[in-house]
Amino acid sequence: MGRYVVQRLGQMVPVVIGTTFLIYALVWALPGDPFAAKCGDRPCPQRYIDRMTAEYNLDDPLPLAYLKYMGNLVTGDFGQTFTGASIADELLQRYPTTLQLTALAILVEVVIGIAAGVLAGIRRGGFLDNLVLVSTLVVVSIPVFVTGLLAQIMFGVRLGWFPVTSDGSLFSLVLPAIVLGSLSLAFVARLVRANLVENLRTDYVRTAIAKGLTRQRVIGVHTLRNSLIPVVTFVGADFGGLLGGAVVVEGIFNIPGVGNMIFRGINAHEGGTVTAAVTVLVLVFLLVNLVVDLLYAVLDPRIRHV
Amino acid sequence: MSRPTIPDQVVPPPARAGGRRAAGRGVRPGRTRRGRPRGGGHAASTPHSLAGDAWRDLRRSPVFLISAAIIVVLVAMAAAPGLFTSTDPEACDLAFSRQPPSASAWFGYDLQGCDMYARTVYGARASILVGVLTTIGIAVVGSVIGMIAGYHGGWLDTLLSRVTDMFFAVPMLLGAIIVLATFPSTVQTPAWQTIGKVVLALGVLGWTTVARLMRSTVIQVKQAEYVQAARGLGAGSRRVLLRHVLPNAVAPVVVYSTIILGVFVVLEATLSFLGIGLRPPVISWGIAISEARAYIRQSPHMLLFPGAFLSVTVLAFIMLGDAVRDAFDPRLR
């Protein structure tokens, strides 16, 4: 286990360095004037250019500038918005909301997704199976921003079951979380179903049935547990998609999170704010993936003993 | 399931075998199972080629026929929108602003008083163009990088694989937002540039899975006896790659490309909805939906029609991908 953790961490470091370098280079070091797009439709004021040049060390050669930038990131300095407010403060204020939203979305996708997958998988080819397959296909093909707008108008405005926009309460995050999690929910359901069908045909399941275990125990303990390992991997890899979706969903439902900051930054043409906030989301995604990798080893003994 | 950082050997056998059906259904990147060389051994045991078998299967699959028919209509719409409507999508009259569907305008009018049906038909072009161009781009770039890494091996493989990991680690929508926030388009930007930027923004991060698929196939095919034989007979690297490796590696890339095309269509629409992807004067479903957002209570038709066309397009590509994958997977025979 210890060796596995060290190995994982060792693989993670170059990826984090490379990814942050990639983002830094995309934002500041591609050919052309980096300030052409940072201040909306007007040209940037000289004072802003001076400030950003100093802040991102744009006069230094690229590797040195990147190193200084990383130093800033590590010490929690994410730069300033166009108006001069600290992005770190702004993020600190907003990230709990985004975490709540994504955590709720993961809860929705895991609970409903696994339930639907199991119901479909235990009676392969039955009515429920076909229902789940068709409905997940429909969910997958409708983009999140369309689902979001439709849900807002249906359940928010027409039926009045949920608040139309966020009022800061946890309840007002429920509808956005369902919208955000719906796409992944469909994948989790299909993943669980496919794995369950596959595992139900294995020898150890036949043995378990042969020695007289109840159906609940065979499915609930022996089969499902093995079928859930890929789901953990999926949820980790999919977290990046959820963060991207959070930009859309927080924009639609006006939830004061990091995604909303990006959404507004795009509309105000504040390239600097957008890129800083997105960089933070990418870093969070990398961190979550590392945690999932480690969790994976805890869940699956075959990996631990490699 | 390909994971950002886990090398193949630590993925346990049940996860790989179990992930087979569902993994291929992924419409987002990173969910396609690593490919295996197909056709090599298969073709030797039967007189049919894999492609021939797959094509015979496909022609009998209703899912394939339905999705292919939808896609043919969409491509026709993109290539020659004039066949479907004689109304000019740019001819707008503010007097008709947001009028609901009627006999004279089946889909109603949008905010500017433009005919929604004409705008929706003309909107197919941007979506299909972005989807097809990005997919071709990532298939070519990813294949070349994967082939070099797999065939050359050694330090070059290590280097290219780590670079692939770095690009893979950035979620596609977030990465595209960064690129497009750095190079935004304005109303003055010519249409081809606006579309080109979106294609580049998606392509920059989209090629990684193809590269991984290609690399693993090449590594497996490299050791095959017929490749050794070809080398022994004096074939050069290029001949081995083009004649022996590529035909074996093409099936997984084709399957992945069909599925990912739908994803690119969604991502383009999402970026346009956010106001960072395509811009007017380009006509796009994403822009239309973004415009409908403020009037959704009074004029839901402004959301429904472009939304429905977008969803049907994505659905068609997912179904096509499903059918193609089933046909090309010899283990399902």
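Residues 227-253 of chain A form a span that is 96% helix and 0% strand, with end C-alpha atoms 35 Å apart, where helices (H or I, at least four residues) and strands (E, at least two) are DSSP runs numbered from the N terminus. This is a predicted model, in which local features need pLDDT of at least 70, side-chain atom pairs count only at pLDDT 80 or more, and totals for chains, interfaces and linings use all residues. Residues are numbered from 1 along each chain as its sequence is written, while chains are lettered from A and ligands numbered from 1 in the order in which they are written.

The UniProt record, an unreviewed entry, gives "transmembrane region" for several stretches of chain A, including 227-253 and 99-119; such annotations may be inferred rather than shown by experiment, and their positions follow the numbering used here, with feature names shortened. Residues 99-119 of chain A are 100% helix and 0% strand, and their end C-alpha atoms lie 30 Å apart. Chain A as a whole has 13 helices and zero strands.

In the loop between α10 (229-253) and α11 (258-267) of chain A sits A:Asn254, which has a positive phi of about 55° although it is not a glycine. A:Asn254 is partly exposed, because 16 other C-beta atoms lie within 10 Å; a residue counts as buried with 20 or more such atoms within 10 Å of its own C-beta, as exposed with 12 or fewer, and as partly exposed in between, with C-beta atoms placed from the backbone.

Chain A averages a pLDDT of 80, pLDDT being the predictor's confidence in each residue, from 0 to 100.
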